[in-house]
Each structure stands twice: as structure tokens, then as C-alpha cells.
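Dear colleague,

Please find below the structure that I am handing over to you. My notes on it follow directly after it.

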Amino acid sequence: MHIGVFHFPTAYGIDVSELAQALEARGLESLFVCEHTHIPVSRRTPAPSGGELPKRYIHSLDPFVALSFAAAATKSLKLGTGICLVPQRDPIITAKSVATLDRLSNGRFLFGVGGGWNVDEMENHGTSYDTRFKVLRERVLAMKALWTEEEASFHGEFVNFDPVWCYPKPVQKPHPPILLGGETDKTLARIVDYCDGWFPRGSAEFDPAAAVSRLKDACAKAGRDFAAMTITVFRAPADADTLSRYADAGITRVLLDAPDAGRDEVLPLLDRYAELVAAIR
């Protein structure tokens with residue numbers, strides 16, 4: 001089982017290049033960065049965890065720019081979005097960003113995606129909360145066409161374009177793995193429909209063995225190869241016994257929290273995470 005981190009890159013926190021180098025030096029596998037294009041001042045949509053929304057949501061950097069700096073500073077570190085809010089993004093521009101990052105990093109990119117939770121944020125991008133997963137599906141399918149076809153076209157309810165040339169193509173074939181966030185049965189149905197892996201959150205109720213079983217059953221029903229799927233647990237607990245249970249259950253990867261803090265706080269925490277890597281191995 002691989003151990004990486006998720007992080008909200010910000011202007012006030014540790015430099016993302018230094019963070020990436022520190023992760024690679026300590027044997028951690030990956031850096032996944034979170035995304036919010038903006039946060040509406042109205043705060044009509046409450047924070048998912050309740051209470052005040054942490055300031056890192058407001059100050060997050062662009063994920064593809066941040067990961068480009070991380071890629072340039074490292075050689076083997078996996079680079080992921082955790083998650084990219086595809087319903088808030090133009091699919092042609094995003095397809096080019098994904099393919100460019102995958103090519104410049106020599107095939108190290110993992111494309112974590114999700115529908116999003118902030119109603120007014122996505123409305124500012126012209127997307128309705130009620131149709132966000134239909135939009136997500138079409139945009140992912142359109143991006144797959146752009147990554148894999150010489151003259152790609154797509155005609156759907158939300159995405160429409162006639163044949164185009166879109167380069168570069170990703171290094172990874174047919175494209176970088178697409179990991180979908182969420183925990184519901186509908187999430188699993190979407191994963192086996194058009195994704196390559198599951199990206200659940202590691203809540204106190206998360207049962208790794210049950211999660212593996214759920215995905216295996218969904219793959220069997222849809223005729224997908226379970227062996228080709230991955231499970232990446234977001235916000236996993238930094239506890240050796242718990243992570244050992246995850247590994248024994250067959251979880252592919254766990255992501256620990258690298259906070260939006262300065263280097264003097266983050267680097268010692270990464271040292272402790274490195275001890276977990278050694279313990280799990």
C-alpha cells in the first residue's frame with residue numbers, strides 16, 4: 001500500500017516545491033492537491049464539516065500550476081488532484097492541462113475528480129447542483145476522447161464539439177487514471193461506468209474490507225476488471241495499526257493530511273509520516 005499526502009497549496013503555507021521534495025526524500029509516494037476556484041462571500045452553502053469554513057478553502061492555488069512546480073522539483077513523486085472540480089471546468093482546457101502535466105512529469109499524474117459540494121461556487125461557473133454529476137460524466141468522457149483520438153468529437157447534452165485536434169496526448173495510455181470521490185452506491189456505479197478507481201474519505205466509519213468488497217461487487221455487476229481498479233483513501237488516519245488494516249484489506253493508497261502551514265510545522269510532521277511508511281512496509 002502506498003502512502004502519500006493531500007494538501008491545500010496556499011500562498012501562506014509551505015512552498016509546494018519544497019513540500020514535494022520533502023515528500024520524495026522521505027519515501028512518501030504522492031502529493032494530491034485540493035481545488036476551489038473561489039469561495040462565494042455569501043456562504044449560502046455551509047461547510048461540509050459544519051462551522052466556519054477553514055481559510056485554506058479560500059486561499060487554495062490553482063492545482064495544475066501547483067503540481068507543475070511539484071513535478072519540476074521531483075523525479076518519482078506521483079502527482080494528483082484531490083479533487084479536481086470538473087463540473088466547474090471547461091473540458092477542452094482541462095484535457096490540455098491534464099495531458100500537459102502528465103507529459104511534462106513523464107506519466108506521474110493521477111486525475112482525482114468529483115462533483116463538488118458548494119452550490120453557489122458551481123453556479124458561478126454555470127453549472128447546476130442538481131445536474132453536476134451528469135455534467136461530470138460528459139466532461140470526463142469528452143476528455144477521454146480528446147486524449148485518445150486523433151480527431152476527437154463529442155456530442156452530448158452539456159458538451160458539444162465537432163472534430164478537433166487536441167495535443168499533447170498524455171504519456172500514460174490510454175490516459176491518466178481517473179479516480180472518483182464519494183462513498184455512495186451511486187458513486188460506485190459511476191466509477192465502474194467511466195472511471196479507473198475509487199477515492200473515498202477515511203471517516204471513522206470507513207471499513208477497508210467492506211469498501212474493497214463493495215467495489216469488487218460493483219465491478220462484477222458491470223463487467224469491469226476489479227484487478228485494474230484502485231482505491232485511494234482521502235484523509236486516512238495517521239495510525240500504524242489502522243493503516244495496517246487498510247493494507248491487509250487491499251487498499252491501494254492512503255493520503256494523510258499535510259496542513260496549510262509553514263515549513264517548521266509541516267516538515268516534522270512529514271518525518272512522522274515517514275516512520276509510518278517504514279512501519280507499513
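I begin with Gln88, which touches Thr37, Glu121, Met122, His125 and Arg139, leaving aside residues up to four places away in sequence. Please bear in mind that this is a predicted model. Gln88 is found in the loop between strand 3 (78–85) and helix 4. With a relative accessible area of 7%, Gln88 is buried, because buried here means under 20%.

Arg139, one of the residues touched by Gln88, leads on to helix 6, where Arg139 is among the buried residues. Helix 6 covers residues 132–148, which makes 17 residues. From its first C-alpha to its last, helix 6 reaches 24 Å, close to the 24 Å expected at 1.5 Å a residue. How much of helix 6 is buried? The count is 12 of the 17 residues, so helix 6 is largely enclosed by the rest of the structure. The buried residues of helix 6 include Val135, Leu136, Val140, Met143, Leu146 and Trp147.

The next topic is the salt bridges. Side chains of opposite charge can pair when their charged atoms come close. In this model the count comes to 10 salt bridges, and I describe some of them here.

The side chains of Glu35 and Arg89 meet in a salt bridge, at 2.9 Å from N to O. Glu35 belongs to the loop between strand 2 (30–33) and helix 2 (55–59), while Arg89 belongs to the loop between strand 3 and helix 4, so this pair ties together parts that are 54 residues apart in sequence. Are these two residues buried or exposed? Glu35 is buried, with a relative accessible area of 4%, and Arg89 also counts as buried, at 12% relative accessibility.

Arg89 forms a salt bridge with Asp62 as well, and the closest N and O atoms of that pair are 3.5 Å apart. Asp62 lies in the loop between helix 2 and helix 3, and Arg89 in the loop between strand 3 and helix 4, so the pair ties together parts that are 27 residues apart in sequence. Asp62 is partly exposed, with a relative accessible area of 35%.

Another salt bridge joins Arg214 and Asp185, with the closest N and O atoms 2.8 Å apart. Since Arg214 lies in helix 8 (residues 208–222) and Asp185 in helix 7 (residues 185–194), the pair ties together parts that are 29 residues apart in sequence. Arg214 counts as partly exposed, at 30% relative accessibility, whereas Asp185 is exposed, with a relative accessible area of 57%.

Finally, I turn to a pair of helices. The axes of helix 3 (residues 63–72) and helix 4 (residues 91–104) come within 10 Å and cross at roughly 10°. That makes helix 3 roughly parallel to helix 4, as angles under 35 degrees count as roughly parallel. Phe64, Leu67, Ser68 and Ala71 in helix 3 meet Thr94, Ser97, Val98 and Leu101 in helix 4. The residues of this contact comprise 5 nonpolar, 3 polar and no charged.

With kind regards

Note on methods. Residues numbered from 1 in each chain as written. Predicted model: local features only at pLDDT ≥ 70, side-chain atom pairs only at ≥ 80, totals over all residues. Heavy atoms only, no water. Axes fitted to C-alpha atoms, helices over the stretch in contact; angles between N-to-C directions. Helix = DSSP H or I, 4+ residues; strand = E, 2+ residues; numbered from the N terminus. Parallel < 35°, antiparallel > 145°, perpendicular 65-115°, else oblique. Contact = heavy atoms within 4.5 Å. Nonpolar A, V, L, I, M, F, W, Y, C, P; charged D, E, K, R; others polar. Expected span 1.5 Å × (residues − 1). Buried < 20%, exposed > 50% of the residue type's maximum accessible area, 1.4 Å probe, protein only. Salt bridge = Lys/Arg side-chain N within 4 Å of Asp/Glu carboxyl O.
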